[in-house]
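Have a look at the sequence and the model below. Turn the model around a few times before you read on.

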Amino acid sequence: MKLIQHVQYLAYNPGVTPKGGGLPGINVLKNVIGSINLFGIIAAVGALVISAVVWAWGHHSGGHQAEANGKKGTVVAARCALLLGAANGIVAFFSAMGTQVH
């Protein structure tokens, strides 16, 4: 009976927590992810500029489909930039929320 209670306790609390420095290459991984994030932000800026140009061109030329696609592209690029810029905060928020689950 004691063994079953011990296994049940481990199922609820395995005692695993995130720990920095446990594996080699953490700093390299952080640099790679940071570079990918920067690349994504630069791509979002480019997409925003292109979408704004398509929007303006569609508006001034009477191309309603081009105007609608430019608007959609502008919104998507802006949302993408928002998520990329807030990635650290979003992950930190949900990680902190996850530590409160018991």
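Here is a walk through the model, from the overall layout down to a few single residues.

First, some ground rules: this is a predicted model, where local features need pLDDT of at least 70 and side-chain atom pairs count only at pLDDT 80 or more, while totals for chains, interfaces and linings use all residues. Residues are numbered from 1 along each chain as its sequence is written, and side-chain values use heavy atoms, with hydrogens and water left out.

Let's start with the layout. Read along the sequence, that gives the pattern α-α-α-α. Of the 102 residues, 10% count as buried. Here, buried means under 20% relative accessible area, exposed means over 50%, and partly exposed is in between (1.4 Å probe, protein chains only). The protein exposes about 8,500 Å², and carbon and sulfur atoms supply 71% of that area. These areas come from the Shrake-Rupley method with a 1.4 Å probe, and for residues only the protein chains shown count as cover.

Now zoom in on helix α3. With 22 residues, α3 reaches 32 Å from its first C-alpha to its last, close to the 32 Å expected at 1.5 Å a residue. That expected span is 1.5 Å times one less than the number of residues. Which residues of α3 are buried? They are A66, E67, G70, G73, T74 and A77. Seen down the axis of α3, these buried residues fall within an arc of 125 degrees, so they line one face of the helix. The arc is that of the directions from the helix axis to the C-beta atoms. On the other side of α3, the exposed residues are H64, Q65, K72, V76, R79, L82 and L83.

What covers the buried residues of α3? The cover includes α2 (26–61). Take T74, which is buried with a relative accessible area of 14%. Leaving aside residues up to four places away in sequence, T74 touches L48, S51, A52 and W55, where contact means heavy atoms within 4.5 Å. L84 also has its place in α3, but at 22% relative accessibility it counts as partly exposed. The C-alpha atoms of L84 and A44 are separated by 9.0 Å, although the two are 40 residues apart along the chain.

A search of the whole structure finds 1, and in it the side chains of E67 and K71 meet at 3.9 Å, N to O. The term stands for a side-chain nitrogen of Lys or Arg within 4 Å of a carboxyl oxygen of Asp or Glu. Being 4 residues apart in α3 (residues 64–85), E67 and K71 are separated by about one helical turn. E67 is buried at 15%, whereas K71 is partly exposed at 37%.

Last stop: the aromatic rings. The structure holds 1 aromatic pair. The rings of F93 and F94 have their centres 5.0 Å apart and their planes at 80 degrees, so the pair is edge-to-face. Rings of Phe, Tyr and Trp (its six-membered ring) pair if their centres lie within 6.5 Å, and planes under 30 degrees apart count as stacked, over 60 as edge-to-face and the rest as tilted. F93 is partly exposed at 45% relative accessibility, and F94 is exposed at 55%.

Key:
Helix = DSSP H or I, 4+ residues; strand = E, 2+ residues; numbered from the N terminus.
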